[in-house]
Amino acid sequence: MDNRDLEKQIAAREAVKFIRQNDIVGLGTGSTAFFAIQEIALLVKNGLKIKGVPTSENTAALAVSLGIELLPLEEVKGIDITIDGADEFDEQLNLVKGGGGALFREKIVASLTKNEIIIADSGKLVKQLGKFKVPVEVVPLALNYVLQQLAELNGKGEVRMKDNARFITDNHNIIVDADFGLITDATGLAESLNRIEGVLAHGLFVQLASKVIMGKGTQTIIYAKN
Ligand SMILES: O=C[C@H](O)[C@H](O)[C@H](O)COP(=O)(O)O
């Protein structure tokens, strides 16, 4: 395992300590959340009773293969704790997510969650968001309109591709990765993106995380809401 994976793993091990018996647990998506799902599966094998809520089809398949019982997102009214990854975060706990295209379900799960814990390796911490382009999930018919609106916000949007075709999300939409440069006002930008018709969700997560647990070397550093 390389150093970044080790950092992800120790952050995941720390995060699962916050799960309690009978919790409803949001299961994140991506290479970092993967470690948390594995740790949760171990706890379940050892007698922990929880129900998982997946944030993507990939995560659902992984969780089922590891013996974690799932609840469908549309049936859930509240989630006790979610453990998810991020593409970058700042010390105010603002995040960019969606590098794997799972941002819409991740945002719904985060919004239903009491305790949203983000786990990350030390390469994800930034002074200011914006190094990682902001993923925007777009209903395909609205693509040109959304690109124009992003340009009005000084964002340069590019349709995400995979294997020479448009990347398609679990919700049958496309992703535009938008470059806004360094983001000085994450709240303002998030609100502007929310107002664009045709945008299903965007990867700016503001005021949604309760803590970020970051692995650094062999230690963890916790950034928590004041
Ligand atoms: O859409 C994907 C998610 O937002 C991921 O949590 C995010 O991209 C981080 O992924 P990773 O842990 O693989 O860096």
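Mentor: Strand 1 (residues 24–27) runs parallel to strand 3, with three bridges between them. Keep in mind that this is a predicted model.

Trainee: What makes strand 1 and strand 3 a pair?
Mentor: Pairing takes at least two bridges found by DSSP. Strand 1 and strand 3 have three bridges, so they pass. Within strand 3, Ile 81 is the bridge partner of Val 25.

Trainee: How do you know that strand 3 and strand 6 pair as well?
Mentor: The same test applies, at least two bridges. Strand 3 and strand 6 (residues 113–121) share five bridges in the parallel sense, so they count as paired. Thr 82 has Glu 116 as its bridge partner in strand 6.

Trainee: Why is strand 3 called mostly covered?
Mentor: A residue is buried if 20 or more other C-beta atoms lie within 10 Å of its own. In strand 3 (residues 79–84), five of the six residues are buried.

Trainee: Why is Ser 65 called exposed?
Mentor: The limit for exposed is 12 or fewer C-beta neighbours. Ser 65 has 10 other C-beta atoms within 10 Å, so it is exposed. Ser 65 belongs to helix 3 (residues 57–65). From Ser 65 to Lys 225 is 160 residues in sequence and 34 Å in space, C-alpha to C-alpha.

Trainee: What makes the phi of Asp 163 worth a remark?
Mentor: Most residues other than glycine have a negative phi. Asp 163 is not a glycine, yet its phi is positive, about 50°. Asp 163 sits in the loop between strand 9 (161–162) and strand 10 (165–166). With 5 C-beta neighbours inside 10 Å, Asp 163 is also exposed.

Trainee: Which residue other than glycine has a positive phi near 70°?
Mentor: That is His 172. His 172 lies in the loop between strand 10 and strand 11 (174–179). Its count is 8 other C-beta atoms within 10 Å, so His 172 is exposed.

Trainee: Which residues of the largest nonpolar core touch the most other members?
Mentor: Ala 15, Ala 36, Ile 118, Ile 119 and Val 136 do, out of 55 residues in that core. Helix 2 (residues 31–45) gives the largest share, six residues.

Trainee: How do you know that this core lies between the domains?
Mentor: Domain 1 (3–125 + 206–224) and domain 2 (134–201) both give residues to the core, so it lies between them.

Trainee: What does Ile 119 touch, leaving out residues up to four places away in sequence?
Mentor: Its contacts include Ala 15, Ala 36, Ile 83 and Ile 213. Contact here takes C-beta atoms within 7 Å.

Trainee: How far apart are the C-alpha centres of domain 1 and domain 2?
Mentor: They lie 24 Å apart. Twelve residues from domain 1 and 13 residues from domain 2 make the contact. On the domain 1 side, helix 4 gives the largest share, four residues. That side has four nonpolar, five polar and three charged residues.

Trainee: Which residues are closest to the ligand?
Mentor: Gly 30, Thr 32, Gly 85, Gly 99 and Gly 100, among 18 residues that surround the ligand. Helix 2 and helix 4 (103–112) each give two or more residues to this shell. The largest share, three residues, is from helix 2.

Trainee: How many residues of the shell around the ligand are polar?
Mentor: Ten are polar, with four nonpolar and four charged. Gly counts as polar in this division.

Technical notes. Residues numbered from 1 in each chain as written. Predicted model: local features only at pLDDT ≥ 70, side-chain atom pairs only at ≥ 80, totals over all residues. Core = buried A, V, L, I, M, F, W, Y, C linked by C-beta atoms within 7 Å. Domains from an automatic or database assignment. Contact = placed C-beta atoms within 7 Å. Near = placed C-beta within 6 Å.
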